[in-house]
Amino acid sequence: MTQPIPVTVLTGYLGSGKTTLLNRILSQSHGKKYAVIVNEFGEIGIDNDLIVSSDEEIYEMNNGCVCCTVRGDLIRVISNLMKRRGRFDAIIVETTGLADPAPVAQTFFMDDDVRAWAKLDAVIALVDAKHLMLRLKDAPEAEDQIAFADVILLNKIDLVSDDERGKVEAAIRVLNPHAVIYPTKQADIDLGLILDRGAFDLDRILADDPKFLEPESDHHHHEHNHGHDCGPDCDHPDHEYTTSPHDSEITSVSLRGTEMNSDMFFQWINKITQIDGPDILRLKGIIAFADDPDRYVVQGIHMIVEGDHQRPWKDNEKRESRLVFIGRNLDHEKLTRTFAACHA
Amino acid sequence: MPEINNSNFEVFVEYAGFLGDLPIFALADGTVQILATDNISIMPHNGLLSACLSLDGNKLITGGEDGLVLAINPHGEIHQIADLGDQWVDKIAAGPQGLVGFASGRSAFVVDGNSEQKGFTHARTIEGICFAPKGKRMALARYNGVSLHWTGLDAAPVELEWAGSHTGVTISPNGKFIVTTMQENALHGWRLDNPATGDGKHMRMTGYPTKVKSISWSAKGKWLASSGAPAAIVWPFTSKDGPMGKTPKELGSMGDNLVTVVCCHPSQQVVAIGYDNGMVLAVRIDDEKEAVLRKTGKAPVNSLNWDKKGVRLAFGSEEGEAGVIEI
Ligand SMILES: [Zn+2]
Ligand SMILES: [Zn+2]
């Protein structure tokens, strides 16, 4: 079998700069050929056999669970594209501003064919720095897209003041403390930084996240634990930025521990995702199992959990388990307690 | 081992079969190869997505990324049936009296022998298409069921409902059963007790480890063979309840190797089976006797079709290996 084709998912509102970015990807000479699955042909001004229009068709899988959904159109288009896989090096999937990113990502885990042919490389969210705060107030999709992303392009940065930019970045961090944020003007970014980087590989996200590696980073797990419960009338300057996301229940919980008992861990993660799956947007982690020479990486979307041995722990590496959940209504106390109970 | 006449086209073989008596291979890049005294190689499409044989066996009907629906005859002459612009035509079917059905996205069309075209639009994508034995009706597989349209009447379709995504559809040769392949690892069936209303019993056929992508009725519709398991799963359809309450036969069980395509013999109760390792087997359904026709290959077998007399079998793989096996 040949290597799976890397897939980048682009989310973001109309006007966030998705089309500009797609045009850059299609017109710059970077030696790579991309097949692009878009919603509307017309948006892109480039004529190309490998631009395929598609219509976000959500399929519920027959287990009757609302969160277990895939994109039927992606399964069809990718199946057809893969018949001539020599034509392109990678696939980009553009989603509409209103799209829930979960079914897109889940397609790459829940459909056997797509899973064999293609591999999710990264979910990139384009964000309009000028309008994000407004979006977050009125559109749950905007929150989901940010919470879900591996990489966030904070676009139109030239249109906001430093102060506004700080607020927007802080609002993003509340929803997703672990995404890589790149500020851009007119979606101008070194494509090498965002494409085919294996950003969906947990290793990368967790290892590249300096905050995660800071020993005291635990306060990042939750925006509400600086000593009091924030309320709507909470106006002290150090977290003024949380006013808008306060309306949402999206938070993240970062867990760390030492060596885990593998049986207990798998039982726990399966149970947690079965019960709380609908509320879990993303989970990613690197786990050290007792008596296992390999690092174990785990990731999940809603009720899907995937894991694999990644590589042996290095001699100078601390055998530490790290896991982050991003989602709605996460019970920080329960997650921390039950995770801790899985220690070897 | 029987004699194999091998080719390698190095492109995904969408369809391997016989046009009249001539072996024909339709490839995903849009080329069509007809093996004759002087081989014919044409490129009717810019990207080919679907192909099937007309019921008289003398035309290959194809659909492409270029939106074209074409009919190709044994001389390599191309007749255009439709042009849907830049829509991908990835579902196609042939019916009696020269009927051709095709679908792209949420629209399906039927064209009759006089080139009269009729269209049907659905709320969800049409994923499968087939004709009833007499061609009066065309079945469209869709999300949450099947729509049975009249090909010649302007009457409302009969809707058969079952939750989930139906990716392909077939009607038994006697017209009494409709079976779909599904996005989940299962087949779903309806016994058509009253074809006018769609009333009838449901049939669930489950237990597959992967998606079923290929199904084929044996001669006279006695059995329905299917891919999606490490053996061909063959369901009995001789009783009026179809396979309900019966266990299927598992033919050509090959350990870990998955069956990717099945094609039943035109007259005998025999099924040809293609595997993901390139192997091809023929198995007699009644006594389960196996004959290895091709030991192995580089890529999964994607297409298998018998010639009219059932003495030759054409195969094609996902990486372009193709050939004709003389039985
Ligand atoms: Zn679910
Ligand atoms: Zn506060």
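This is a predicted model: local features need pLDDT of at least 70, side-chain atom pairs count only at pLDDT 80 or more; totals for chains, interfaces and linings use all residues.
## Chain B: fold and dimensions

The overall dimensions of chain B can be compared with a simple expectation. A compact globule of 327 residues would have a radius of gyration near 20 Å, and the 19 Å found for chain B agrees with this. Along the principal axes, the C-alpha atoms of chain B occupy a box of roughly 50 × 45 × 30 Å.

## Chain A: two domains and their interface

Chain A is divided into two domains: domain 1 covers residues 5-199 and domain 2 covers residues 251-340. Taken over C-alpha atoms, the centres of domain 1 and domain 2 of chain A lie 25 Å apart. Contact between them involves 21 residues of domain 1 and 16 residues of domain 2. The area buried between these two domains of chain A is about 1500 Å², and carbon and sulfur atoms give 63% of that area.

Five salt bridges are found across the interface of domain 1 and domain 2 of chain A. In one salt bridge, the side chains of Asp150(A) and Arg282(A) meet with an N to O distance of 2.9 Å. On the side of domain 1 that touches domain 2, the elements giving two or more residues are α3 (101-110) and α6 (140-148) of chain A. By class, this side of domain 1 has 14 nonpolar, three polar and four charged residues.

## The interface between chains B and A

Between the two chains, 26 residues of chain B are in contact with 21 residues of chain A. Chain B and chain A bury about 2100 Å² between them, with 42% of this area on carbon and sulfur atoms. Within chain B, the residues that lose the most area to chain A are Trp88(B), Tyr143(B) and Gln183(B), which together account for 24% of what that side buries.

Nine salt bridges are found across the interface of chain B and chain A. Arg76(A) and Glu127(B) form a salt bridge in which the closest N and O atoms are 3.3 Å apart. Polar contacts across the interface of chain B and chain A number 16 residue pairs, with both residues at pLDDT 80 or more. On the side of chain B that touches chain A, strand β16 (residues 158-171) of chain B gives the most, contributing four residues. The residues of that side of chain B comprise eight nonpolar, seven polar and 11 charged.

## Salt bridges in the whole structure

Over all chains, a search of the whole structure finds 42 salt bridges. Within chain A, the side chains of Arg115(A) and Glu306(A) meet in a salt bridge with an N to O distance of 2.6 Å. This pair links distant parts of the chain, 191 residues apart: Arg115(A) belongs to helix α4 (residues 112-117) of chain A, and Glu306(A) belongs to strand β13 (residues 304-312) of chain A.

Methods:
Residues are numbered from 1 along each chain as its sequence is written. Chains are lettered from A and ligands numbered from 1 in the order in which they are written. Side-chain values use heavy atoms; hydrogens and water are left out. Domain bounds come from an automatic or database domain assignment. Contact means heavy atoms within 4.5 Å. Buried area is the accessible area (1.4 Å probe) that two parts lose on being put together, summed over both. A salt bridge is a side-chain nitrogen of Lys or Arg within 4 Å of a carboxyl oxygen of Asp or Glu. Ala, Val, Leu, Ile, Met, Phe, Trp, Tyr, Cys and Pro count as nonpolar, Asp, Glu, Lys and Arg as charged, and the others, Gly among them, as polar. The radius of gyration is taken over C-alpha atoms; the globule rule is 2.2 Å times the number of residues to the power 0.38. A polar contact is a pair of N or O atoms within 3.5 Å; within protein, one must be able to donate a hydrogen and the other to accept it, and residues adjacent in sequence count only if both atoms are side-chain atoms.
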